[in-house]
Amino acid sequence: MKTDARAIVKRALTTEKSVILRENRHCFAFEVAADANRLEISRAIEELFKVKVTGVRTINVRGKLKRLGRYAGKRPAWKKAYITIAPEGHIELFEKV
């Protein structure tokens, strides 16, 4: 069990899908630690951004196979979390300038 919120939440994801979810469903996407569970992720988001989390969905993303000429390799696997927050809350990290 991790105690540091910054060790659990690695980075925010800004993709087309995450922007659409943020605008329509108040849902944000983050890359999180692979061994973190939903409760730890929820507590970390609430601690870092001072918002009320209403839902957490997680996905284990498999690493893609990549080639460079005849050499094959694999990118590392990672974990993605979709965080739904209360409608009155907002995360300044994603606010428009």
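Strand E2 (residues 27-32) is largely enclosed by the rest of the structure, because six of its six residues are buried. Buried means under 20% relative accessible area, exposed means over 50%, and partly exposed lies in between, with a 1.4 Å probe and protein chains only. The model is predicted, so local features need pLDDT of at least 70 and side-chain atom pairs count only at pLDDT 80 or more, whereas totals for chains, interfaces and linings use all residues. Residues are numbered from 1 along each chain as its sequence is written, and side-chain values use heavy atoms, with hydrogens and water left out.

**Strand E2 and its partners**

- Both faces of E2 are covered: Cys27, Ala29 and Glu31 are buried on one side, and Phe28, Phe30 and Val32 are buried on the other.
- Strand E1 (residues 9-12) runs antiparallel to E2 and is joined to it by three bridges; two strands pair if DSSP finds at least two bridges between them.
- In E6, Ile83 stands opposite Phe28.

**Ser18 in helix H2**

- Ser18 belongs to helix H2 (residues 16-25).
- Ser18 counts as buried because its relative accessibility is 3%.
- The Ser18 side chain reaches the backbone nitrogen of Thr15 at 2.8 Å. A polar contact is a pair of N or O atoms within 3.5 Å; within protein, one must be able to donate a hydrogen and the other to accept it, and residues adjacent in sequence count only if both atoms are side-chain atoms.
- When neighbours within four places in sequence are left aside, Ser18 is in contact (heavy atoms within 4.5 Å) with Leu13, Cys27 and Ala29.

**Helix H3**

- Helix H3 (residues 38-49) has twelve residues, which at 1.5 Å a residue should span 16 Å; this agrees with the 16 Å between its end C-alpha atoms. The expected span is 1.5 Å times one less than the number of residues.
- Glu40, Ile41, Ser42, Ala44 and Ile45 are the buried residues of H3.
- The cover over these buried residues includes helix H1 (5-8), E1, E2, strand E3 (53-61) and E6.
- An α-helix has 3.6 residues a turn, so residues three or four places apart point the same way.
- At the N-terminal end, Asn37 caps H3, with a side-chain oxygen 3.2 Å from the backbone nitrogen of Leu39.

**The protein as a whole**

- The protein contains three helices and six strands; helices (H or I, at least four residues) and strands (E, at least two) are DSSP runs, numbered from the N terminus.
- The order of the elements from the N terminus on is α-β-α-β-α-β-β-β-β.
- Taken along the principal axes, the C-alpha atoms fill a box of roughly 55 × 35 × 20 Å.
- The protein has 97 residues, of which 35% count as buried.
- Of the contacts between residues at least 6 apart in sequence, 59% join residues at least 24 apart.

**Pro87 after strand E6**

- Pro87 is located in the segment after E6.
- Pro87 counts as exposed because its relative accessibility is 70%.
- Pro87 and Cys27 are 60 residues apart along the chain, and their C-alpha atoms are separated by 9.7 Å.
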